[in-house]
Amino acid sequence: MVSPPGESDARVLVDRLPAILYIADPGINGRWHYVSDGALDILGFSPKEWIADPELWARQIHPDDRDRVFGREDELAEPTTPDEYRLRHRDGTIVWVRDEAALVRDAEGRDRWHGVMLDITDRKLAEAELERRVDQQAAVARLGERALEGADVAELVHDALQEAMRMLGVQPGAVLQYAQDGDALVLRAGVVIASETLSSRSEPGAGAAPQSRVAPRLDGRSGDRAAVALRGYRAADLSHGRIWQIEGRDRRWGLLWLASAGRDLKAADVDFVQALANILADAIQRRAAEDDMRHHALHDPLTGLPNRVLFLDRLGHALKRTADHVAVVLLDIDNFKLVNDSLGHGSGDELLMKIAPRLMSALRPGDTIARLGGDEFVVLLEDISHPRDAAQIAERIVAALEVPFSLATGEHFAKASLGIAIAEGEDTVPASLIRDADSAMYEAKANGRARFEVFDRAMRTRTVKRLSVENDLRRALERDELRVAYQPIVSLRDLSVVSVEALLRWEHPVRGLVSPAEFIAVAEESGLIEPIGRWALNTACAQASLWHHARPDSRPVGICVNLSARQLTQQDLEATVVSALELTGIEPSSLCMEVTESVLLEKSASLSETIARVARLGVRFVLDDFGTGYSSLAYLTRLPIDGLKVDRSFVEALGRDQRSTAITTAIVRMAHALSVEVIAEGVETEAQLLALRDLGCELAQGFHLHPPLGAHEISELLVAGHPSAAVRRGGILGEPPQSA
Ligand code: C2E
Ligand code: CA
Ligand code: CA
């Protein structure tokens, strides 16, 4: 053993250094000549033990560092650069040393290592810790970036959990989401270990059921411990771990759980996992906001049903899949405007909201129902093997609407008109299918509402015509193409003209005279009836006023004006009538409004109210086309009705057979019993005239008496008792008499 140079106080000093000073032979298992006392402090071996066992040092080198250190030893580099490596302490813990040595040739000419090993464990751990933090920050940044880029939430959840488990070096872990109802947790990623399986065999169910619902039994929720039980499944235990909340600004979404990480987690690790959880919360919140926006863009806010955009999309897909089995049912609530106008928009909205589930109840699970806007709904039927199937569903819808709706304002009956269009092969385009269904629906309305029609090609032609009528009609007023014809209503006692009915005529520049039968319905649908009706009323009243002035001493001829349902819902109808009366100066009692009885089927309070207000002005009301609707006597008593106009079909039936005659007779009797006037319309033969007179009917109108005439012809008629011969044959404004 070679004595170190220097004095004994120097030895004491050296032995006190927090380092291991040594002198050793070169080579892996070279002899150690001197080791300072620091060896005991730093590695748990006394200098004596060390020197006695030449292989000790090499044995204690960490296996991962061994090759590197031995390699250097072989190189015998000079001068050496310091090396840092790990040595195992006697107690098994790892000690990092910085080994700095130089080969020194002694007096005998032998090379020996003179070196110092410094304990740098603390520095190394701090460095490693720093590296971990950098890694964690990078992981947080990576995940955050992906979240910002809109990565799939399920993927983010999975990856965040993996990162957390990897960085903290723990297993297993789980991400659980609070279920909608808030009282359960749903496994979204990872595994939850059931408590009984913690000790025994592991069952596959726990992790393999991402949808399994977990009822939290967050017992006492003491700190971060929680126990969770899989509902109706088995108990799962989260208590051997730690929980991080995944919560956004306003909502707790779920939690992240890591097993056995409860014990010695550094604050920085806890923060790291919380950062991951926060990223998830952000991503989930943003995703929820996006979903909301998407839902908003694709759904009707009032009913929550898909909107037009979504419907067209679904229809497009359906047509691509099976063009032969797709049908569209378009549905429009009959007289919805009445609800809105009479009960207010709140009731209208309420009705629409209640109609939606009613419609759904009539459909099959896979069918799509959407609201196109206003009172229009549309149903997409896939799997239609026969038009009959679509018709059946339409029937079910009609039936579903038969039960009244209870609104805040009271019970309401809502009926609908439906149009069905069935796709024809692959070229069917969504928009055209809807348009066809619309045509069919229009016909359903025209055919009396509360029914359905299936589209056929003839409808398309009619629709095109209707649309062109609508276009032209918009300009008819300003271009002064409208006229009014007047058809006399005579007393059956002496055939004198008592009043005249104003009937609209349209002189179309190209198509010639257009019948109101063709354009009134279009005017009603499009809303044009309001300005047109106002014009007709003003024109008729002005004409009546002229006639009165021409014969100031005679009884003023009455003027009857037709009012459509739509006009009755007009807010300003009363004002319109008042203004017509004031402008023309005619007596309110010489004005008579004709409303069809079907209008009164709407048991709308405000509609009756409108009629009552106008009637209070002194204007008379007559029920037109009486007998064609489903009137009950109740209307007649409830409303200020002055007369009934027996529909042409009953007049025509007179004398044909006993039964028809009996019905007409009953109507006349009923009217008399209620003290209202009876007007027979459409009198075409002398026989009808005589039969009506026998029944005690007081007034009549029809081609057999007078066709609709021009104002001038009426003037002649009023003066002379009959119009000139030319007029008698029917002028440009009237239909030719059917029989002489
Ligand atoms: P309406 O109120 O029932 O009018 C009577 C219709 O019967 C008129 O048809 C008239 O020309 C026709 N007519 C008269 N006598 C006979 C006859 O002996 N035999 C036959 N077969 N028909 C006869 P028009 O003028 O074509 O009017 C059709 C419908 O258009 C009217 O039915 C009415 O509902 C509507 N309308 C006409 N003018 C107006 C108006 O100014 N406003 C509104 N809202 N509707 C109107
Ligand atoms: Ca009429
Ligand atoms: Ca009529």
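1. Let's start with Asn 562. At 29% relative accessibility, Asn 562 counts as partly exposed; on this scale, buried means under 20% relative accessible area, exposed over 50%, and partly exposed in between, with a 1.4 Å probe and protein chains only. Keep in mind that this is a predicted model, where local features need pLDDT of at least 70 and side-chain atom pairs count only at pLDDT 80 or more, while totals for chains, interfaces and linings use all residues. Residues are numbered from 1 along each chain as its sequence is written, chains are lettered from A and ligands numbered from 1 in the order in which they are written, and side-chain values use heavy atoms, with hydrogens and water left out.

2. Distant parts of the chain are linked by the pair Glu 501, in strand 21 (residues 497-508), and Asn 562, in strand 23 (residues 558-563), which are 61 residues apart. Glu 501 counts as buried, at 4% relative accessibility.

3. Is Glu 681 buried or exposed? Glu 681 is buried, with a relative accessible area of 9%, whereas Asp 625 is partly exposed at 24%.

4. Stepping back to the whole chain, you'll find 27 helices and 28 strands. Both are DSSP runs numbered from the N terminus: helices are H or I with at least four residues, strands are E with at least two. Of the 740 residues, 47% count as buried. The chain exposes about 36,300 Å², and carbon and sulfur atoms supply 53% of that; accessible areas come from the Shrake-Rupley method with a 1.4 Å probe, and for residues only the protein chains shown count as cover. Taking contacts with a separation of 6 or more, 60% of them are between residues 24 or more positions apart, contact being heavy atoms within 4.5 Å.

5. Have a look at the inside next. The largest nonpolar core has 74 residues, and those with the most contacts inside it include Tyr 486, Ile 559 and Phe 621. Such a core is a set of buried Ala, Val, Leu, Ile, Met, Phe, Trp, Tyr and Cys residues joined through side-chain atoms within 4.5 Å. Helix 18 (residues 529-550) gives the largest share of this core, eight residues. A second, separate core of 31 residues includes Ile 369, Leu 381, Ile 393 and Ile 420.

6. His 548 also lies in helix 18. His 548 counts as buried, at 16% relative accessibility. Leaving aside its neighbours within four places in sequence, His 548 is in contact with Pro 556, Val 557, Ile 586 and Ser 590.

7. One sheet to trace is open, with five strands in the order 2-1-5-4-3 and antiparallel pairing; two strands pair if DSSP finds at least two bridges between them. Strand 2 (32-35) and strand 3 (83-88) stand at the edges with a single partner strand each, so one side of each has no neighbour in the sheet. Six bridges join strand 3 to strand 4 (residues 94-105), and Tyr 85 stands opposite Val 97 in strand 4.

8. Another open sheet of five strands runs 14-15-13-18-19, with mixed pairing. Its edges are strand 14 (368-373) and strand 19 (452-454). Strand 18 (residues 416-422) pairs with strand 19 in the parallel sense over three bridges, and the bridge partner of Gly 419 in strand 19 is Glu 453.
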